[in-house]
Amino acid sequence: ADVAASVYGGVLAYQLGPGRDHAQAPLTNTAVSTSQPGHVRALAWPSDLAIRVFSVGHGVSTTALLTDVFAQRTPAIATALQQLHLTGRDACAACADGHSADLIRALEHGAHAIDRLGHAIGRDLLLPPLRALRAELAPAPGETSGPRWAIKSTGAGGELAIAVGWRDADWADVDARIVRLGMTPVEARTDVPGVDIVAAPL
């Protein structure tokens with residue numbers, strides 16, 4: 001997925017393997033094989049949503065995370081991974097259909113799924129500054145209009161995180177909170193093209 005993002009740019013739906021639902025696959029070291037071809041589909045970012053990318057400062061080792069997942073293989077881990085898969089699917093569908101509120105909701109559900117995965121393996125995958133920002137921007141008690149923000153790491157415990165919300169929201173306040181909590185904004189856009197692919201001369 002990272003390579004696809006670098007090559008094609010923009011907003012993408014990436015699926016590993018031809019139609020395989022990895023959330024239902026056995027939780028083994030070969031459940032997700034990097035030898036399978038990936039399928040990439042371009043999506044359009046909703047025009048009424050904005051996104052901020054920022055660095056939390058450090059992240060959880062992917063190798064250590066996968067070691068924990070494969071070593072324990074508990075039902076709680078399998079459930080959390082399935083939830084992550086479903087939220088990714090829902091986010092892609094919402095983006096494809098232009099349903100902005102559903103996209104915020106799906107990304108926020110993804111953050112909860114990452115948190116549940118962390119609890120299942122005994123690691124805090126929502127690092128303290130990110131957890132603090134989520135708490136500050138959480139809906140007020142009794143608010144029923146749904147989440148106004150989605151705050152999540154770009155991966156499970158990743159160094160980079162995103163904030164997604166309505167374009168006309170108070171982004172200056174969000175930016176100030178990110179900096180105050182010790183995190184660093186990263187310049188990023190959703191409309192950046194990837195690389196030019198040309199045939200090599202024979």
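A: A term first: patches are made of residues with over 30% relative accessible area and no salt bridge, with like charges joined within 9 Å and nonpolar side chains (Val, Leu, Ile, Met, Phe, Trp, Tyr) within 5 Å. A salt bridge is a side-chain nitrogen of Lys or Arg within 4 Å of a carboxyl oxygen of Asp or Glu. Accessible areas come from the Shrake-Rupley method with a 1.4 Å probe, and for residues only the protein chains shown count as cover. The model is predicted: local features need pLDDT of at least 70, side-chain atom pairs count only at pLDDT 80 or more, and totals for chains, interfaces and linings use all residues. Residues are numbered from 1 along each chain as its sequence is written, and side-chain values use heavy atoms, leaving out hydrogens and water.

Q: Which residues make the nonpolar surface patch of about 280 Å²?
A: Tyr 8, Tyr 14 and Val 40 make that patch. Tyr 8 belongs to helix α1 (residues 2-8).

Q: Which residues have the most contacts inside the largest nonpolar core?
A: Among them are Phe 54, Leu 117 and Ile 151, in a core of 26 residues. Helix α4 gives the most to this core, with four residues. Such a core is a set of buried Ala, Val, Leu, Ile, Met, Phe, Trp, Tyr and Cys residues joined through side-chain atoms within 4.5 Å. A second, separate core of 16 residues includes Leu 49 and Ala 91.

Q: Which residues form the aromatic pair?
A: Trp 149 and Trp 171 form it, edge-to-face, at 5.0 Å centre to centre and 85° between the planes. Rings of Phe, Tyr and Trp (its six-membered ring) pair if their centres lie within 6.5 Å; planes under 30 degrees apart count as stacked, over 60 as edge-to-face and the rest as tilted.

Q: What does the pair tie together?
A: Trp 149 lies in strand β4 and Trp 171 in helix α6, so the pair links parts 22 residues apart in sequence. Trp 149 is buried at 8% relative accessibility, and Trp 171 is buried at 6%.

Notes
Buried means under 20% relative accessible area, exposed over 50%, partly exposed in between (1.4 Å probe, protein chains only). Helices (H or I, at least four residues) and strands (E, at least two) are DSSP runs, numbered from the N terminus.
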